[in-house]
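Welcome! Take a look at the sequence and the model, and then read on.

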Amino acid sequence: MIRGKFITLEGGEGVGKTTNLHFISSYIQEHGIPVIVTREPGGTPLAEKIRKLLLDNDSEAVSETTELLLVFAARAQHIQHVIEPALAQGTWVICDRFTDATYAYQGGGRNMRISTIESLENWVQGTLRPDLTILLDAPVEIGLERARQRSALDRFESEKTNFFEQVRRAYLLQLELNPQRIKLIKANQPLIDVQKALIDLIQPLLK
Ligand code: Z5A
């Protein structure tokens, strides 16, 4: 059995990850390849409960360490119950955010030590890394404006603009450190152009 490919979508608020996730999955399916779409934090019933704990705005103050451990607890569950079994069966997995988000939000946004995140990444994931990560990048104010037009803001979305600038910088650093795996698409261009760029990145994996 040929192992499935693991593709992750990353970027700040409102850059279009969710919109494009379904576009990518339909495109892959059209090529006769089984694919699942999932997200982090979340992807299993327990991990979705952890997501709720992380995003709720009305809980007690969440310490940075608690936040980081909850993110990886959800990830451990997601990998064991969804991601690894699917990849082993030859199913492709398209995931809305993964560990680059931890480097961006907990590393960049919260200033947590990168070496701590690396240790957790190695412990929880073993050798599992995405085959391709697509970073949708746009100026912070564009994404925030799109996000604000939707529902009430969650705990992350309620952060100040500077937090999101730090998140964006950390994502761009991840891109610089992992040029083979992470590819950037400008998200402040018309959706049709974003989707053309997505096809250019996905097509080589289909061969
Ligand atoms: N988090 C963390 O801290 N650490 C971790 O390790 C992980 C996550 C994995 C939940 O993520 C939170 O968890 C997240 C970080 C934290 N913080 N926040 N906030 P999430 O993925 O659920 O949350 P999100 O970033 O807020 O997702 P989002 O706001 O849903 O954004 P999106 O999925 O990238 O955008 P969208 O819903 O596809 O599009 C937004 C709107 O823009 C929508 O109306 C679209 O129609 C429109 N759109 C999309 N593309 C375009 C273009 N090209 N032009 C014009 N309009 C567009």
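Which residue in β5 is the bridge partner of Asp 137? The partner is Lys 186. Keep in mind that this is a predicted model.

- Five strands make up an open sheet, and their order is β2-β3-β1-β4-β5 with parallel pairing.
- The edges are taken by β2 and β5 (182-186), each of which has a single partner strand, so one side of each has no neighbour in the sheet.
- From one strand to the next, the twist averages 20 degrees.
- In general, the strands of a sheet pair through backbone hydrogen bonds, and the pairing can be parallel or antiparallel.

**Walking across the sheet, strand by strand**

- Strand β2 (residues 35-39) pairs with β3 in the parallel sense, over five bridges.
- Arg 39 stands opposite Asp 96 of β3.
- β1 and β3 run parallel and are joined by four bridges; Thr 8 has Cys 95 in β3 as its bridge partner.
- β1 is also joined to β4 by four bridges, and these two strands run parallel. Here Leu 9 stands opposite Ile 134 in β4.
- Strand β4 (residues 132-137) and β5 are paired in the parallel sense over five bridges.
- Besides the pair of Asp 137 and Lys 186, Thr 133 of this pairing stands opposite Ile 182 in β5.

- How many of the five residues of β3 are buried? Five of the five are, so β3 is largely enclosed by the rest of the structure.
- On one side of β3 are Trp 92, Ile 94 and Asp 96, on the other Val 93 and Cys 95; all are buried, and both faces of the strand are covered.
- β4 is likewise largely enclosed by the rest of the structure, because six of its six residues are buried.
- Leu 132, Ile 134 and Leu 136 point one way from β4, while Thr 133, Leu 135 and Asp 137 point the other way, and all are buried.

**Aromatic rings**

- The structure holds five aromatic pairs.
- One of them is formed by Phe 6 and Phe 98, an edge-to-face pair with 4.9 Å from centre to centre and 80 degrees between the planes.
- Phe 6 belongs to strand β1 (residues 6-10) and Phe 98 to the loop between β3 (92-96) and α4 (99-109), so this pair ties together parts that are 92 residues apart in sequence.
- Phe 6 is buried, with a relative accessible area of 0%, and Phe 98 is buried too, at 1%.
- Tyr 105 and Phe 163 form a tilted aromatic pair, with 6.1 Å centre to centre and 55 degrees between the planes.
- Tyr 105 is in helix α4 and Phe 163 in helix α7 (residues 161-177), so the pair ties together parts that are 58 residues apart in sequence.
- Tyr 105 and Phe 163 are both buried.
- One aromatic cluster is formed by Tyr 105, Phe 156, Phe 163, Phe 164 and Tyr 171.

**Charges over rings**

- Arg 75 has its charged end over the ring of Phe 98, 5.1 Å from the ring's centre.
- Arg 155 places its charged end over the ring of Phe 156, 5.0 Å from the centre of that ring.

**A pair of helices**

- Two packed helices are described by the angle and the distance between their axes.
- The axes of α4 and helix α5 (residues 114-125) come within 10 Å and cross at roughly 155 degrees.
- That angle makes α4 roughly antiparallel to α5.
- α4 passes α5 in a right-handed crossing.

**A loop residue**

- Where does Leu 128 lie? Leu 128 is in the loop between α5 and β4.
- Is Leu 128 buried or exposed? Leu 128 is buried, with a relative accessible area of 4%.
- Leu 128 and Glu 84 are 44 residues apart in sequence, and their C-alpha atoms are 8.6 Å apart in space.

Key: Residues numbered from 1 in each chain as written. Predicted model: local features only at pLDDT ≥ 70, side-chain atom pairs only at ≥ 80, totals over all residues. Heavy atoms only, no water. Phe/Tyr/Trp six-rings, centres within 6.5 Å; stacked < 30°, edge-to-face > 60°. Buried < 20%, exposed > 50% of the residue type's maximum accessible area, 1.4 Å probe, protein only. Lys NZ or Arg CZ within 6 Å of the ring centre and 35° of its normal. Pairing = 2+ DSSP bridges. Axes fitted to C-alpha atoms, helices over the stretch in contact; angles between N-to-C directions. Parallel < 35°, antiparallel > 145°, perpendicular 65-115°, else oblique. Left-handed = near helix turned anticlockwise from the far one by under 90°.
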